[in-house]
Amino acid sequence: MTVASSGQPIAVLFLGPEGTYSHQAALQQFGDQSNTKFVATDSIPECLERLENDCNIDYAVVPFENSTNGQVIFTYDLLRDRMVRQSEGVNRVVPELEVLDEQYVSVTHCLVASSALDLESLSKYKRIKIYSHPQVWGQVDKYLQNLQYRCPGTVIERLDTPSTSDAVKRTVQVESQSGEILSLAIASNTAAKVYNAHIIDQAINDKQGNTTRFLVFRKRCATAVQLRDSRTKVSLLTFTIKHDDPRSLVDVLATFKNYPVNICSMSSRPLREEPKGKKWQYIYFLEYYCESNEMEWDAFYREISGSCSLWCLWGTFARNGLYYS
Ligand SMILES: O=C(O)C(=O)C[C@]1(C(=O)O)C=C[C@@H](O)C=C1
């Protein structure tokens, strides 16, 4: 049994309700451990806020990126906001939360209805409301275009919900379906089962092998993270540059060239330090790994400190074997 430092069983937050892909990620990460309490939240921000503020919570599992649709911007922006908020007067921000692991969940979306329906009958409706999490639209765009093509006289609307499972919940609870308007959801078959809903089409994602990557957070503490067995240890670093120095971004990246470190991903989000900040300034997200035993980490981070305006190391964690599948 895994117990928290308080001696209590561990409590793990995920974007609920039950049946979301985040729930699957949390089960994949902690499910084989008895006495783990899985706690559903209403939103991704709530996962990190409660982890920071509720001493009864030990971990939070949040989506980070999808192989078809890219960044889960909600999570990226939560990291950005935390780095900026905790930065007062320092160059290196040590965040209150840290990443200790990653998980990969195979995401196979289904078209779900509250009752058994024939796909061919959809064209008879005047309006079809499709509910899902905003991150899903970019994973099923071609499918929905094709559906519209097959239902030329139907207005097909996309409606955002806090999660895919919540979309199914709304669809089954929605005002009684009139003859002209139909409500559907896009979610996993697990979510459909949870709400006794009907799958009317499956594997509707545009790309087979569609996968979402999740990060596992805990409160930063003195105890070292226990890394799963893996040769590759990945670090996640966020930074801002000295915006008025035209060489600044290159200077940061040059540090990586001087050490045996491989950058495996780089992306950015608007810095959005309104109202005092300028437009068109960015926070960068870098992931990198080092397989050398000769790495001089102190010197490396000293150089990073010198070239970045602000930076934050969110954690170093073992590459999950599912990354390669
Ligand atoms: O809505 C869910 O089921 C979630 O767990 C969220 C989420 C995401 O934000 O990326 C997770 C995986 C899928 O890519 C779609 C939605």
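1. Pro17 sits in the loop between β1 (10–15) and α1, where helices (H or I, at least four residues) and strands (E, at least two) are DSSP runs, numbered from the N terminus. The peptide bond from Gly16 to Pro17 is cis, with omega near -5°. The model is predicted: local features need pLDDT of at least 70, side-chain atom pairs count only at pLDDT 80 or more, and totals for chains, interfaces and linings use all residues. Residues are numbered from 1 along each chain as its sequence is written.

2. Around the ligand there are 15 residues, of which Thr20, Tyr21, Ser22, Ser163 and Thr164 come nearest; a residue is near a molecule if its C-beta atom, placed from the backbone, lies within 6 Å of it. Two or more residues of this shell are given by each of α1 (21–30), β3 (59–66), α4 (134–137) and α6 (164–173).

3. Domain 1 (10–106 + 211–324) and domain 2 (110–202) both contribute to the shell, so the ligand lies between them. The domain bounds come from an automatic or database domain assignment.

4. Asn196, in the loop between α7 (189–194) and β11 (198–202), has a positive phi of about 50° although it is not a glycine. Asn196 is exposed, with 9 other C-beta atoms within 10 Å (buried: 20 or more such atoms; exposed: 12 or fewer; partly exposed: in between; C-beta atoms are placed from the backbone).

5. Trp280 lies in the loop between β14 (262–270) and β15 (282–289), and its phi is near 60°, also a positive value in a residue other than glycine. Trp280 is exposed, with 7 other C-beta atoms within 10 Å.
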